[in-house]
Amino acid sequence: MMQGLIAVYLRELLILKRRLKRQLAGMAISPLLYLIAFGYAMGDAASFNGHTYLEFLIPGLVAMGSMTQAFGIATDINVARFYWHIFEEFQAAPISNAAYVTGEVLAGMTRALLSIGVILVLSLPFGVVLHYGPLFWLAALLNSFVFAALAVALAMLVKSHADQSLLTNFIITPMAFLGGTFFPLERLPEWAQTILWALPLTHASGAIRATAFGQTPGYQAYLILLAIGALFFWFALCSVGRARD
Amino acid sequence: MIRIEKLEKNYGNIKALDGIDLHVPVGELFAFLGPNGAGKTTTIRILTGLTRLSSGRAALNGHDIESEPLAAKRQCGLVPQHINMDSELTVLENLDIHGRLFGMKPAARKQKIKELLTYVDLIDRKGSLVNQLSGGLKRRLMIARALMHEPRILFLDEPTVGLDANIRRRIWGLIKKVQQDGATIFLTTHYIEEAEFLASRVAFLDLGRIVALDRPETLMNRMGAWAIDQLNAEGMRTRCFQSREEAREFTAGQETGFTLRRVNLEDAFLSLTGKKVQ
């Protein structure tokens, strides 16, 4: 299991290394625009529980950025599967589905952690001081795990690149805007809050923001993220077998 | 050794493979010959674990591909029809990842990479990205990758498709060399001369069924030794003769528009299926 897992993960790392400059630039664009447009330009026009909007926004961007980058592994898997046919190399190798899924999930999580680093570096010139303790990183890691596992599962089930874009538009984009990233959920009607608390990103952004503000969040958010991540991981394991035609 | 019993593959109502039975002994270079859509690639995909079979059984060196998939996969190397190398990785990295996937130890990987790159004459390009290699070099690299973990069975799916005659001959030499080193080789092709030159036995595959299986010479001898292609208003017509004299006699009364040549596997395929391989 370990050898196969390392091979899958190492391949993704080598590709990431080769594309690093482009990848970092890509990871920086959206957060930078959000920081300038919503954070800097709005200035003190909005504040939440004694925090400026920039302070509120940065943990949300961390949650959103780690989600999109972890989920982005789905696009790479699909390019490898439908365009380069490299997925066949893994299918023909004597490795278990668990080794393949774990390798790809780790690759997605690595990209997510890299994007968090980019966001935190970008936030430095804005002079925002937040807390980045172990619970902050644990929430970010679990969030990455959830969306990397979902990405691998869905990448195995789609039949084309177009299907993949559709999934991103229907799952990731709405979650990015509604999962407690840009505004507090308390400002929405109760029925909407109930729906949005079903999204994993809402729990992730809540936990990441609380820890960034120096508070200790409830353990429930971590347990929910772990449970959803485990469910998606199991889903991914089942989906790899189905990718055989 | 490859053993296939009553292998079937259905895609909805379409029967891609219709009850194939086959036994390829250790060390043989066996070829599947047939037109596009005959089921050649489907057979290889099933045997190498890329596609699920609908019914029947298959085993590689005694390991059933369904009940012992990992053990079966360890037996074989695959050179697929399309180039499926990681173009963003170097030649060396591609081979190294493959070695890791097959559980090779670091020292063994290092030694085998050097040995194989020398074998396929790519040692000077080990640091090149795959997307910097020509089509012929990529094919050679794919053969090297398939041999990396020292498989006892090598599957080659149209290994020279799209390559010019010169490079094709070079790859044929490489395939022969691999066979001489003791591997069992299962080749699919729609190039007549490829099957004639390489294979010790050939199966004609048409519409998912084996319609003939024998040594290339035996299949061709059934037709005769000489053939005349004659162009008329309805198209090309081919007649086969036992001797050159018989063929000459036939052409004596004819005017122009015919070609005398040796019988080939295409003639045998045409007589059995009514269609051309290429």
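Predicted model: local features only at pLDDT ≥ 70, side-chain atom pairs only at ≥ 80, totals over all residues.
How much space lies in the largest cavity? About 120 Å³.

**Stop 1: the cavity**

Searching the whole structure turns up four cavities of 30 Å³ or more. To find the largest cavity, select A:Glu89, A:Ala92, B:Gly77, B:Leu78 and B:His98, which lie nearest its centre among the 15 residues of the lining. Next, colour the elements that give two or more residues to this lining: helix 5 (87-91) of chain A, and from chain B strand 6 (76-79) and helix 5 (135-147). Strand 6 of chain B gives the most, with three residues. Sorted by class, the lining of the largest cavity has seven nonpolar, five polar and three charged residues.

**Stop 2: two helices of chain A**

Now select helix 6 (residues 97-123) and helix 11 (residues 219-242), both of chain A. Two packed helices are described by an angle and a distance between their axes. Here the angle is about 125° and the axes are 9 Å apart. Helix 6 of chain A and helix 11 of chain A are therefore oblique to each other. The crossing of helix 6 of chain A past helix 11 of chain A is right-handed.

To see where they touch, show the side chains on each helix. From helix 6 of chain A, pick A:Asn97, A:Ala98, A:Tyr100, A:Val101, A:Thr102 and A:Val105; they meet A:Phe233, A:Ala236, A:Leu237, A:Val240 and A:Gly241 of helix 11 of chain A. This contact between helix 6 and helix 11 of chain A has eight nonpolar and three polar residues, and no charged ones.

Technical notes. Residues numbered from 1 in each chain as written. Chains lettered and ligands numbered in written order. Heavy atoms only, no water. Axes fitted to C-alpha atoms, helices over the stretch in contact; angles between N-to-C directions. Helix = DSSP H or I, 4+ residues; strand = E, 2+ residues; numbered from the N terminus. Parallel < 35°, antiparallel > 145°, perpendicular 65-115°, else oblique. Left-handed = near helix turned anticlockwise from the far one by under 90°. Contact = heavy atoms within 4.5 Å. Nonpolar A, V, L, I, M, F, W, Y, C, P; charged D, E, K, R; others polar. 1 Å grid on protein atoms, 1.4 Å probe; cavity = no way out; pocket = protein on both sides within 12 Å on 5 of 7 lines; lining within 4 Å. Points joined across faces, edges and corners; volume = space filled by probe spheres on them.
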